[in-house]
Amino acid sequence: MTSLDLRKYPRIINAFVFFGKRRKTKDGHGPRLSKINLITLLSLWLELFPQEQPEEDDNQIRSVGLVVVRDSKVVGLHYSGHELHAGQAAIIQHAARLADCQLYFSRRPCATCLKMIINAGVSQISFWPGDPEFSMLSSDPHAHTGHITEEAALDALATEKLKSNSSSHICLLLQPLAAGMVQFVGETSRECDFMGMATDNNPGLNTEELFCREQEKHLEDLSKRFLIEDSRQHREILTQMHLENFCVEPYFSNLRHNMREVVKVLAAVVAGVPEQHYGFHRETLAPDTLLTGSSPCPYHEGVSQEIARHCIIQARLLAYRTEDPKVGVGAVIWANKQLTGLKGPGHLSLVGCGYNAYPAGSQYAEYPLMDTKQEDRKRRKYRYIVHAEQNALTFRTRDINPEEAAMLFVTKCPCDECVPLIRGAGITHIYTTDHDRDKNKGDISYLRFSNLKEIQKFIWQRDPASSSYNITNGHTGKRSRAEVQENPSIKKICNSRNNNLPPVS
């Protein structure tokens with residue numbers, strides 16, 4: 001961990017950043033998210049966690065997303081609820097265990113939260129350089145552009161006094177993305193398994209048009225949320241937060257450019273999981289597929305489509321931190337406490353999250369990087385790389401209790417190596433795609449997933465209620481490889497979709 005280059009940024013903020021390894025292989029693997037980029041994107045996305053009671057337009061307290069890190073591991077993902085702020089939720093869950101942790105907010109926390117987390121002994125508090133939690137943006141459309149309410153100004157004064165008397169390091173949460181990251185995320189999101197499922201279920205669909213439409217919509221919504229369109233107003237907010245040096249050129253233009261680039265990446269990742277007519281639908285078993293003498297798996301309430309989609313996008317963000325030169329996989333595990341009298345998304349508790357990577361402590365390229373396309377099996381990666389599910393379980397923040405639902409959200413169908421671990425850990429729900437189901441690639445296979453009867457499986461697919469396609473075992477079946485080979489038009493459409501993409505640089 002190192003400080004920002006003071007020749008490039010003002011001395012008033014000694015912000016700390018994690019520099020991720022960026023490399024490019026002969027296979028054309030693109031850039032990788034640094035740790036600070038990943039944490040930034042997670043915090044922004046957590047701010048938008050689905051709520052039972054929508055945010056009030058005239059409420060001056062904005063929703064906030066929060067990532068808690070200890071020893072370079074994510075130990076908490078939090079978001080504002082109807083009553084609790086994200087910072088308060090972290091205090092309730094972690095208490096004094098927050099000591100020596102780093103907290104990353106999607107907005108500068110209000111004085112009410114800041115005094116509690118400083119008191120807990122956190123080592124670092126970072127925030128996105130936009131409108132703070134106690135909003136300085138007036139909800140009155142007729143108000144003067146630079147007008148800041150008296151209450152917001154008082155909160156800003158209190159937070160500055162808390163900051164100046166705190167042993168916690170308080171800084172900005174922002175780092176420039178690796179070169180080519182925006183383009184790389186856009187290309188890979190357009191070709192991810194979730195978009196692929198949309199094409200498989202509807203071969204006449206123009207995937208590129210669907211993705212561009214989704215991306216444009218989300219970019220507009222996210223920009224309104226996290227970016228301040230009026231540059232004068234943004235300068236005024238930064239000044240009120242005592243970040244005057246960032247208002248000076250060229251720092252101000254660089255700051256706004258980097259913020260826009262991060263939001264573009266988030267919009268592309270979100271667009272890769274289209275909303276219309278698609279979602280996670282339960283895979284039910286036909287009576288003749290049940291094992292003789294087997295008892296049905298215990299029923300646990302799952303989550304809504306909105307929350308399931310939100311969590312799988314969390315996993316997709318994690319996947320861009322991968323060390324696999326070919327396939328990025330992300331996984332996040334949430335537990336549903338289902339406590340009496342506790343309603344809404346606040347009952348979810350993070351168990352663990354991870355991405356596929358080589359064993360901790362190793363250097364990149366120390367292990368083989370090849371896949372099944374290479375003939376020399378000794379140079380293949382499969383015996384060395386740790387899967388996303390394995391990392392999420394290994395570095396979990398808490399144990400899984402039998403009375404709660406433990407939900408795994410993973411961007412790729414679990415392989416045979418992970419299925420026994422998932423079952424043994426007590427996972428009750430899996431939310432995923434099944435593009436690789438029943439495939440055997442020699443070094444890695446996906447044969448056990450279909451026989452996993454004890455866990456409720458929710459597969460990403462077209463809504464069966466709005467689909468005219470065949471339904472097998474309670475879920476919409478995708479076209480098999482044989483069907484594609486028999487129908488040249490399907491194959492032609494799939495190939496044209498791939499060929500229209502520019503090469504990854």
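## Charges over rings

Lysine 457 lies over the face of phenylalanine 449, at 4.7 Å from the ring centre. A charge is taken to sit over a ring if NZ of Lys or CZ of Arg is within 6 Å of the ring centre and within 35 degrees of the ring normal. A further case is lysine 73, whose charged end sits over the ring of phenylalanine 395, 4.9 Å from its centre.

## Basis of the model

This is a predicted model, in which local features need pLDDT of at least 70 and side-chain atom pairs count only at pLDDT 80 or more, while totals for chains, interfaces and linings use all residues. Residues are numbered from 1 along each chain as its sequence is written, and side-chain values use heavy atoms, with hydrogens and water left out.

## The sheet

An open sheet of 6 strands runs in the order β8-β13-β12-β11-β9-β10, with mixed pairing. Its edge strands are β8 and β10, each of which pairs on one side only. From one strand to the next, the twist averages 20 degrees; such angles run from 0 to 180 degrees between N-to-C directions, and axes are lines fitted to C-alpha atoms, for helices over the stretch in contact. Strands (E, at least two residues) and helices (H or I, at least four) are DSSP runs, numbered from the N terminus. Two strands pair if DSSP finds at least two bridges between them.

Strand β9 (residues 330–336) pairs with β10 in the antiparallel sense over 7 bridges. Along this pairing, asparagine 336 stands opposite leucine 348 in β10, and alanine 331 faces glycine 354 in β10. Strand β10 (residues 348–355) is largely enclosed by the rest of the structure, because 8 of its 8 residues are buried. Buried means under 20% relative accessible area, exposed over 50%, and partly exposed in between (1.4 Å probe, protein chains only).

## Aromatic pairs

How many aromatic pairs does the model contain? The count comes to 12, where rings of Phe, Tyr and Trp (its six-membered ring) pair if their centres lie within 6.5 Å; planes under 30 degrees apart count as stacked, over 60 as edge-to-face and the rest as tilted. The rings of phenylalanine 280 and tyrosine 431 have centres 5.6 Å apart and planes at 80 degrees, so this pair is edge-to-face. It links distant parts of the chain, since phenylalanine 280 is in strand β8 (residues 278–282) and tyrosine 431 is in strand β12 (residues 429–432), 151 residues apart. Both phenylalanine 280 and tyrosine 431 are buried.

Phenylalanine 280 also pairs with tryptophan 460: their ring centres are 5.2 Å apart and their planes lie at 65 degrees, so this pair is edge-to-face. Tryptophan 460 belongs to strand β13 (residues 456–462), 180 residues from phenylalanine 280. Phenylalanine 280 has a relative accessible area of 4%, and tryptophan 460 counts as buried at 1% relative accessibility. Ring pairs join Phe194, Tyr278, Phe280, Phe409, Tyr431, Phe458 and Trp460 into a cluster.

## Helices

The axes of helix α2 (residues 86–94) and helix α3 (residues 111–119) come within 8 Å and cross at roughly 30 degrees. That angle makes α2 roughly parallel to α3; angles under 35 degrees count as roughly parallel, over 145 as roughly antiparallel, 65 to 115 as roughly perpendicular and the rest as oblique. The crossing of α2 and α3 is left-handed, meaning that the near helix is turned anticlockwise from the far one by less than a right angle, whereas clockwise would be right-handed.

Glutamate 216 lies in helix α7 (residues 207–226) and counts as exposed at 59% relative accessibility.
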